[in-house]
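Here is a quick tour of a few local features worth a look. Keep the viewer open while you read.

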Amino acid sequence: ALPISGSSNYTFAGATGNYSVTPKALSGSITASSSVYGLALTPGTASVTGLLPSDVVTLGPVVVNVVGLPKSTSGYLKVGLYPAIQSLTIEQKDDGPNYTFGGTVGDYRVTAKPLVGSITNSSSIYGAPMVPGTASITSGWITGDAVTPGTVTVNATGNTSSSGQLKAGTYTNATIQTATLNGADASNYSFSANSTYTVTPLALGGVIGAGSSVYGASLIPGTVSFTNKIAGDVVLPGAVSINTAGNTSSSGKLKAGTYTNIQSVSSISGDDANNYTFSPVTGEYTVTKKPLSGTIADSSSVYGTPLVAGSASISSGVVGTDAVNVSGVAVQTTGNESVTGKLKVGTYTQSNLQTATLGGADASNYSFAANSTYSVTLNAAAIAGMTAAELQELTPAQLRALSNAELLSISDRKSTRLNSSH
């Protein structure tokens, strides 16, 4: 009641008025939900906040609204994320009329349906183009959908060599070979299958370059090169060995000569070596003769008489306990012969006029040459024995070097020939 001043002087019959209670606004949420393509849709869970204690409000069902959304050939909601297609209402009973609810929405996702099938095992040689297997689907698709297996790819990720090739080995899992899907409804499905893919090592070819050294020096193997190593791979040859068995001198050195297939290499190493097989390869090796140091004494003879070679001696160059000596010295006349085949008159200073022959068990491993002087001189007896053709070969300088008696002898011989011709 309202207090009225001076109310004792009045009477008040009372009065009435309207009062309004407006509905209380509720809020709510729907959890995001999902289902596999082709299966029944599974709405999320709804909840409301703002309800007064003891009030009873009945929530309507959560509805997934697919009207107007993309459908597959078989009529199912396609794979994808659909924002805000779940909705919720409050039923108008119990305490429902005392509340308002503007509704709430939630996202819905359709995930791909796994197909069942297989991918055939396959293989290739390391470094060659990969040869994927063939995919086939045995079950899992929904009747009416258009989906077929597509291209199979070999996945080398995480298993590549330095050159980017799939490493040699056997791979058995569901990711080594993967298949795409074709068809209008392919995006609604997923496909994977265990398979085995094998990469066999590549047979690596190689050659050893010819090696050579001078007799007695350290052996120098040839260089190994690979003929079909894939560019970028790290593969190194093992050490080249040289087999000297049965071919050594008295001092244990490989004898001078050319040897076929005594160099060999049989191993490889490096980060990518396991991707190859390697069979031993061989190569040629040459040992050249070692030059000896020494001298050949100067010598001389009279024209037309037997040649008298100087004596030779070795001063250095013999290896270890090798058996080698000078067995003889010869005077070479080739290129310096007179018309009668004798060494011409003159003085010769060169390394190939007097040549030494080496003897001893190890002589074939050495060479020997030394500069020396050899002189062929004239005397009266030699002049007397010379033919006219031989005399004509004498140079003016050689004639000037003769004594008067020797010149007179030549003159007398010419006069005698002239008289005998008349």
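Predicted model: local features only at pLDDT ≥ 70, side-chain atom pairs only at ≥ 80, totals over all residues.

## S8 and its sheet

Start with strand S8, residues 113-119: four bridges join S8 to S10, and the two run antiparallel.

Zoom out a bit and you get an open sheet of three strands, in the order S10-S8-S14, with mixed pairing. The edges are strand S10 (135-139) and strand S14 (189-191), each of which pairs on one side only. On average, neighbouring strands of this sheet are turned by 40° against each other, if you ignore direction.

## Glutamine 86, tucked away

Next stop is glutamine 86, which sits in strand S5, residues 80-88. Is glutamine 86 buried or exposed? With a relative accessible area of 0%, glutamine 86 is buried, because the cut-off for that is under 20%.

Now for the rings: the count comes to five aromatic pairs. One of them is tyrosine 37 with tyrosine 189, an edge-to-face pair at 5.4 Å centre to centre and 75° between the planes. Tyrosine 37 lies in the loop between strand S2 (33-36) and strand S3 (46-49), while tyrosine 189 is in strand S14, so this pair ties together parts that are 152 residues apart in sequence. Tyrosine 37 and tyrosine 189 are both buried. Strand S14, remember, is also an edge strand of the sheet above. Ring pairs link Tyr37, Tyr76 and Tyr189 into a cluster.

Another pair to check out is tyrosine 215 with tyrosine 366, also edge-to-face. What are the centre-to-centre distance and the angle between the planes here? For tyrosine 215 and tyrosine 366 they come to 5.2 Å and 75°. This pair links distant parts of the chain, 151 residues apart: tyrosine 215 is in the loop between strand S18 (211-214) and strand S19 (224-226), and tyrosine 366 is in strand S32, residues 366-368. Tyrosine 215 counts as buried at 1% relative accessibility, and tyrosine 366 is buried too, with a relative accessible area of 3%.

Note on methods. Residues numbered from 1 in each chain as written. Heavy atoms only, no water. Pairing = 2+ DSSP bridges. Axes fitted to C-alpha atoms, helices over the stretch in contact; angles between N-to-C directions. Buried < 20%, exposed > 50% of the residue type's maximum accessible area, 1.4 Å probe, protein only. Phe/Tyr/Trp six-rings, centres within 6.5 Å; stacked < 30°, edge-to-face > 60°.
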